[in-house]
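Here are my notes on this model. Please read them with the structure open.

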Amino acid sequence: MRSSLLLSALLAAFVSSEAGFRLSSYKPEAFKDASPLTVSSHVVSFTKHNSVSTSQRYLQSIIGRSEVNGVFGDANVQPVEDGQVFLTHVTFGTETFKAVIDTGSSDTWLAEKGFQCFNVTTGATVPEADCAFGSKGYTPSSTFSQIPDENFNITYADGEMLIGIVGTEKVTLAGITVDNQEVGVVKLAGWFGDGISTGLIGLAFPSITSAYAGNNPATDGPDTQLPYNPVFFNMFEEGNVAPLFSLAIDRGNATGQLAIGGIPDVSYSEPIAIAFFQVLTAVDESNSTTGQYQFYSIDAGFSFAGSENTRYAEESGLPLARPASDAESVVIVDSGTTLLYAPTKVAYAVNAQFNPPAFFDKSQGAFFVDCDATAPAFGVVIGGATFNINPLDLILYNGGGPCLSGIQDAGDSFGILGDVFLKNVLAVYDVGASAMVFAARENY
């Protein structure tokens with residue numbers, strides 16, 4: 001059985017890597033008014049680890065516009081950043097593991113003890129250590145129950161892939177236990193791990209969960225997908241918490257907090273703004289699976305010297321509704337991205353305002369700046385409110401040589417509000433209201 005699964009998995013990976021992905025979007029329907037910003041008792045700390053984040057595998061292809069007839073493939077460029085992942089603890093049964101918090105995927109999964117690792121490029125079986133999980137893996141406990149005639153199957157944009165079984169398990173996160181949570185248990189992995197995490201906690205929508213009917217991953221597709229409630233959705237549907245989660249990412253110490261059902265007990269101030277989101281979904285072009293990854297997108301503008309004369313809401317060519325105001329553009333809010341990517345005319349104008357000015361290095365496709373430069377005043381405008389970015393976040397040390405500017409060029413794609421922005425706000429994902437709420441957190 002294992003050899004049959006391995007063959008099917010490899011075929012699926014090769015098809016996906018050749019086919020690439022398309023983008024689609026929708027606006028989820030709100031089912032509840034915006035929840036108040038109350039401090040939650042369900043909070044976990046997380047640590048940041050510099051690693052190739054799942055979101056970066058998609059966003060670098062989109063920013064690089066490696067597109068043919070709407071199909072995105074490998075960007076074929078070395079990005080100036082790999083991205084970052086946030087790690088916290090999750091308990092399956094009685095075993096606790098470090099796992100990646102991912103706002104763009106929906107499944108919660110762990111690698112099983114004794115899983116088979118293989119090379120994504122060659123398909124060859126390789127030692128478990130090559131997949132770089134952070135532990136030997138999860139052993140299904142007495143509270144785990146396999147769901148018969150279902151399989152777990154995820155393929156990512158870079159060919160990474162996970163195959164396994166689906167079951168229910170007692171899952172605990174942030175002090176909340178869901179007794180019969182559907183989870184993935186990975187038996188076959190082509191994975192570029194970080195050496196710390198053993199799995200992932202997905203906080204996105206049920207539409208991209210990765211359970212499929214049958215035991216043959218080669219036959220998985222939209223017609224066999226069996227959507228289920230991710231762990232966060234079960235938490236609020238069972239009445240444990242309000243339908244929102246929030247992130248407070250700290251500056252300087254590579255830590256932060258995730259709160260379920262409210263906000264962490266951190267200081268914040270005016271302004272507070274709400275922005276209704278669209279969900280952008282990457283869909284496997286091969287149709288071997290359904291949606292692979294999701295992003296939260298909102299409309300935002302930018303504040304800097306001269307911005308009152310800047311208009312940049314041109315059509316992006318991407319399946320997102322155009323902002324109502326030409327002083328705004330569509331931006332992705334992504335905790336897996338370190339930098340802030342802005343429309344071309346914004347990026348060039350702001351980088352020219354460093355003293356001395358930042359410069360664009362064509363060989364690396366990025367703006368660099370003197371590490372002792374003075375950063376300009378810069379802010380992100382959401383719902384008419386301006387969230388100022390602390391100058392400390394606009395100059396990033398780069399391991400020698402000039403520093404990296406925190407503001408980079410998104411080209412003719414959408415912008416990305418990454419860590420440079422998120423360190424300056426409390427970010428609330430209010431799923432019930434289909435909106436994001438931001439509160440200022442510039443100085444702390």
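1. First, a term: buried means under 20% relative accessible area, with a 1.4 Å probe and protein chains only. Keep in mind that this is a predicted model.

2. Start with strand S20, residues 329–333. This strand is mostly covered, with five of its five residues buried. Look at both faces. Ser329, Val331 and Val333 are buried on one side. Val330 and Ile332 are buried on the other. Both faces of S20 are therefore covered, given the cut-off of under 20% relative accessible area.

3. Next, its pairing. S20 runs parallel to strand S29 (residues 415–417), and three bridges join the two. Isoleucine 332 has isoleucine 416 in S29 as its bridge partner.

4. Now an open sheet of four strands. Its order is S22-S23-S27-S26, and the pairing is antiparallel. Strand S22 (359–361) and strand S26 (395–396) are the edges, each pairing on one side only.

5. S26 pairs with strand S27 (residues 403–405) in the antiparallel sense over two bridges. Leucine 396 sits opposite leucine 404 of S27.

6. Then the packing. In soluble globular proteins, nonpolar side chains tend to be buried together. Here the largest nonpolar core holds 118 residues. Phe378 and Phe421 have the most contacts inside that core.

7. Which residues does phenylalanine 421 touch, leaving out those up to four places away in sequence? They are Leu340, Val380, Ile382, Phe387, Ile389 and Phe438. Another core, of eight residues, lies apart from the largest one. Among its members are Ala248, Ile263, Leu426 and Val428.

Notes. Residues numbered from 1 in each chain as written. Predicted model: local features only at pLDDT ≥ 70, side-chain atom pairs only at ≥ 80, totals over all residues. Heavy atoms only, no water. Pairing = 2+ DSSP bridges. Buried < 20%, exposed > 50% of the residue type's maximum accessible area, 1.4 Å probe, protein only. Core = buried A, V, L, I, M, F, W, Y, C linked by side-chain atoms within 4.5 Å. Contact = heavy atoms within 4.5 Å.
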